[in-house]
Amino acid sequence: MPASATPPPPSSSGTPGGSPVLELRALTRTHGSGIAEVHALRGIDLSVYPGELVAVMGPSGSGKSTLLTLAGGLDTATSGQVVIEGQDIAALGPKGMAALRRRSVGYVFQDYNLIPALTAAENIALPRELDGVSVRKARKEALAALAEMKLEAIADRFPDEMSGGQQQRVAIARALVGDRRLVLADEPTGALDSETGEAVLALLRTRCDQGAAGVMVTHEPRYAAWADRVVFLRDGSIVDQTVTTGADSLLAAGTTGTTA
Amino acid sequence: MSIRHGLLALLERGPRYGSQLRTEFESRTGSTWPLNVGQVYTTLSRLERDGLIVQDGADDAGHDLYAITDEGRTELRSWFETPVDRTSPPRDELAIKLAMAVGAPGVDIRDVIQSQRHHTLKAMQDYTRLKAQALADVPANRDEVAWLLVVEQLIFQAEAEARWLDHCESRLVRLAEAAATEPSAEPGPAATRGPARALADRTRSQR
């Protein structure tokens, strides 16, 4: 039971619905110009709904990471729009963008990006404190987030005293603490062994089932398979996407269970 | 697939009748490989012919029961101890399809790869859903444990296929690039024929 006073996000019972948390509209990103022009993204349209986890796959250079950095406001599009919870982030300005990142968007990096001089709990509490939450309350939330991941024991450890898997789970806790509705993850399982990687995915899956929207870049099919939707990029364009069949219809089709 | 040994393994736990064996086989493997009753009885009569099982009376409801013999136990033990042969793999339709798609007129091999990748990933998503459901609770009995192992095998197998498809695609791209920058390479069709042939040779040499 989370100790946080923050109300839980409206449950979508795992079914994508409502209005999209993230919309990419005709998004393009071009580096350089003239003969050296490189089209990293060519007109991406993508909507991600509450309760939905989307995996982005594609060969290196296909634009996966560019897509994610644009969605998180870490880079600026050449044209097109990034809309988060109905707001065009280009209209926000640097201050507004920073606030949006603190309140609405969690970003998980391959190399965790925890602040080395802060403990696990402090790393998680920091964005909340920056957002004006009291130190006490922010710590309480951080401890609740750690408890949810069975990491209470390492609350007061510094990043260099944790394993890679622990650091990544702390990073995910930091990305999701508060009422953030969008989590963007760039190869979150990159440096982890397969069991720990799976635990990280299960965690992302759970948070999306609880109503968050997630976008994860990965080149690992086994992790992409945890997503509701897999989007394939090639040369900066979406070439294909797959949607999972609901488990219920699989069960109905007799893939499991006993037949009488 | 060894229905034969599967049935022997179930009979080692005590005498059983035909449709009971079918039900137990399916619940162990999550109906991944459904059996029909005909297959079960054909297999039972062969096992009986080979002296690995015997008919052993009937239960109260009148079902004919079968029991494992000592010879059957020896056969079963040797099955568990012997690795499954992987040196003469069965024909793989996908490998054959890609081999045929290399340089085939009017076929874009990258489209063939992508349509398979789509299908394979979707299957993985579905299996992963089932697995996540299975893991939501600690498996309660050996049937549930067995079923989890089977689902995970399907995921690993699909993963291997997806990774191989990714590899094929990047291999083709690299070979096409290499052919395009080779000074001796002729422009135009030769640039695509070169890597195609190399890939075909590679595929052949693996057989």
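Student: What share of the contacts in chain A with a separation of 6 or more comes from residues 24 or more positions apart?

Tutor: The model is a predicted one. A contact here requires C-beta atoms within 7 Å. Among the contacts in chain A with a separation of 6 or more, the share from residues 24 or more positions apart is 71%.

Student: How many strands does chain A have, and what percentage of its residues is buried?

Tutor: Eight helices occur in chain A, together with 10 strands.

Student: Which residue of β10(A) is the bridge partner of V231(A)?

Tutor: Strand β9 of chain A covers residues 229–234 and strand β10 of chain A residues 237–243; the two run antiparallel and are joined by six bridges. They form a hairpin with two residues between them, and D235(A) in the turn has a positive phi of about 50°. Within this pairing, the partner of V231(A) is Q241(A).

Student: In chain B, how many charged residues lie on the side of domain 1 that touches domain 2?

Tutor: The assignment for chain B places domain 1 at 3–81 and domain 2 at 93–205. Five residues from domain 1 of chain B and five residues from domain 2 of chain B take part in the contact. On the domain 1 side of chain B there are no nonpolar residues and four polar ones, and the number of charged residues is one.

Student: Which UniProt annotation covers residues 91–172 of chain B?

Tutor: This span of chain B, residues 91–172, is 83% helix and 0% strand, and its end C-alpha atoms are 23 Å apart. The unreviewed UniProt entry annotates residues 91–172 of chain B as "domain: Transcription regulator PadR C-terminal".

How values were computed:
Residues numbered from 1 in each chain as written. Chains lettered and ligands numbered in written order. Predicted model: local features only at pLDDT ≥ 70, side-chain atom pairs only at ≥ 80, totals over all residues. Helix = DSSP H or I, 4+ residues; strand = E, 2+ residues; numbered from the N terminus. Contact = placed C-beta atoms within 7 Å. UniProt positions renumbered as here; feature names shortened; annotations may be inferred. Pairing = 2+ DSSP bridges. Domains from an automatic or database assignment. Nonpolar A, V, L, I, M, F, W, Y, C, P; charged D, E, K, R; others polar.
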